[in-house]
Amino acid sequence: FGKVKNLSYIYYMSIGYACINLSLGKKITTNRTMVKRTFIAKGVDYVSDLVLQNVADLERIIDWNEQNGIKMYRMSSEMFPWATEYEFTELKDWNEIQKILQRCGEKATMYKQRLSFHPGPFNVLVSPKENVVLNTIKDLEVHGRIMDAMELSKTPYNKINIHCNGVYGDKIAAMDRFCTNFDKLSNSVKTRLTIENDDKASMYSVKDLMYIHSKINIPIVFDYHHHTFNTGDLSERDALALAITTWPKGITPAVHYSESKALHENNIKIKAQAHSDYITTLPDTYDMGVDIMVEAKQKDLAILKFI
């Protein structure tokens with residue numbers, strides 16, 4: 001833990017990393033997956049083999065995190081390959097998979113380890129295309145079911161975080177579609193869903209996302225790096241403070257932090273938004289209590305010195 005002081009409180013903030021643990025080596029992974037032709041050829045029995053290995057390694061990662069003082073971890077969305085194409089109960093190893101997931105959830109609770117998901121950019125609740133929205137709902141529901149199997153809290157403490165991922169020529173209309181499609185989600189997903197500011201000025205700043213929050217009360221995850229490219233005419237401190245106001249009482253707001261790979265490597269050919277391998281510092285929290293998900297390419301190796 002790190003400590004953040006203000007006049008009245010000491011906040012103990014968690015610092016986390018995403019998905020891949022580099023310290024444990026390549027053999028310990030929750031990202032075992034397959035291309036579509038393999039899925040078609042080998043079917044759900046092969047899926048079941050991979051999922052069983054993935055969740056077993058999830059438990060190993062959770063234990064390693066505890067041994068190394070890491071209290072925040074983003075789980076991989078690839079734990080269940082092609083998960084929208086079958087029911088979990090069709091997996092031949094489902095009973096064993098379910099037991100391991102439950103044990104993972106119990107350990108995370110015992111360790112006070114905050115687990116989350118960040119589904120991919122193909123999840124677009126603002127899309128005007130019905131098939132895109134339906135596929136988004138299917139994918140988000142998979143994440144909710146995994147968290148339910150782990151018996152994690154149905155709150156944004158265990159967040160399922162997404163971007164809007166599109167404007168389609170009318171930002172307000174797009175955000176209205178987000179709110180309409182949000183109502184189509186199960187309670188398992190609704191209670192955990194959060195939304196994040198973007199790294200392009202044409203997309204969604206924290207100020208923009210307040211429109212969605214005002215309608216459906218969804219928490220906003222503040223991304224420091226993204227804010228540098230899309231401020232919404234707010235200072236970093238003001239944007240962070242605004243995002244924090246959207247979180248339910250009693251749940252520490254989560255933020256994302258990364259640094260520019262182009263600046264780290266002094267290379268103008270690298271896209272400025274690209275994440276660096278390591279971080280040089282932790283962000284200024286302005287004495288506000290937050291948990292920090294570090295999105296550096298070297299994963300756990302990037303945060304160990306800050307724990």
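The legends below describe close-up views of a predicted model. Local features are given where pLDDT is at least 70 and side-chain atom pairs where pLDDT is 80 or more, while totals for chains, interfaces and linings use all residues. Residues are numbered from 1 along each chain as its sequence is written, and side-chain values use heavy atoms, with hydrogens and water left out.

**View 1. Helix α3 and its packing partners.** Helix α3 covers residues 130-149; helices (H or I, at least four residues) and strands (E, at least two) are DSSP runs numbered from the N terminus. Its 20 residues reach 29 Å from the first C-alpha to the last, close to the expected 28 Å, where the expected span is 1.5 Å times one less than the number of residues. Buried residues of α3 include Val133, Ile137, Leu140, Val142, Ile146 and Met147, and Asp139, Glu141 and His143 are also among them. Here buried means under 20% relative accessible area, exposed over 50%, and partly exposed in between (1.4 Å probe, protein chains only). The buried residues of α3 pack against α2, β5, β6 (160-162), α4, α5 (187-190) and β7, a contact being heavy atoms within 4.5 Å. Glu151, which follows α3, has a positive phi near 60°.

View 2. Strand β7 is covered on both faces. Leu193 and Ile195 are buried on one side, and Thr194 and Glu196 are buried on the other. β7 runs parallel to β6, with three bridges joining them; two strands pair if DSSP finds at least two bridges between them. Asn161 has Thr194 of β7 as its bridge partner. β7 also pairs in the parallel sense with strand β8 (residues 220-223), over two bridges.

**View 3. Salt bridge between Glu59 and Arg103.** The side chains of Glu59 and Arg103 form a salt bridge with an N to O distance of 2.8 Å. A salt bridge is a side-chain nitrogen of Lys or Arg within 4 Å of a carboxyl oxygen of Asp or Glu, and the count by this rule is 15. Glu59 belongs to helix α1 (residues 36-67) and Arg103 to helix α2 (residues 94-111), so the pair links distant parts of the chain, 44 residues apart. Glu59 is buried at 11% relative accessibility, and Arg103 is partly exposed at 35%. Salt bridges with shared partners join Glu59, Asp63, Arg103 and Lys107 into one network.

**View 4. Salt bridge between Asp291 and Arg114.** Asp291 and Arg114 meet through their side chains at 2.8 Å, N to O. Because Asp291 lies in strand β10 (residues 291-294) and Arg114 in strand β5 (residues 114-116), the pair ties together parts that are 177 residues apart in sequence. Asp291 is buried, with 5% relative accessibility, and Arg114 is buried as well, with a relative accessible area of 2%.

**View 5. Met203 and the Asp208 to Lys171 pair.** Met203 sits in the loop between β7 (193-196) and α6 (206-216). At 17% relative accessibility, Met203 is buried. Leaving aside residues up to four places away in sequence, Met203 touches Asn165, Gly166, Val167, Lys171, Asp198, Asp208 and Asn230. The C-alpha atoms of Met203 and Gly166 are 7.1 Å apart, although 37 residues separate the two in sequence. Two of the residues touched by Met203, Asp208 and Lys171, form a salt bridge in which the closest N and O atoms are 3.0 Å apart. Lys171 is partly exposed at 22% relative accessibility.

**View 6. Two loop residues with positive phi.** Tyr168, a residue other than glycine, has a positive phi near 60°. Tyr168 lies in the loop between β6 and α4 and is partly exposed, with a relative accessible area of 45%. Asp233 is not a glycine either, and its phi is positive at about 60°. Asp233 is placed in the loop between α7 (224-227) and α8 (236-244) and is exposed, with a relative accessible area of 74%.
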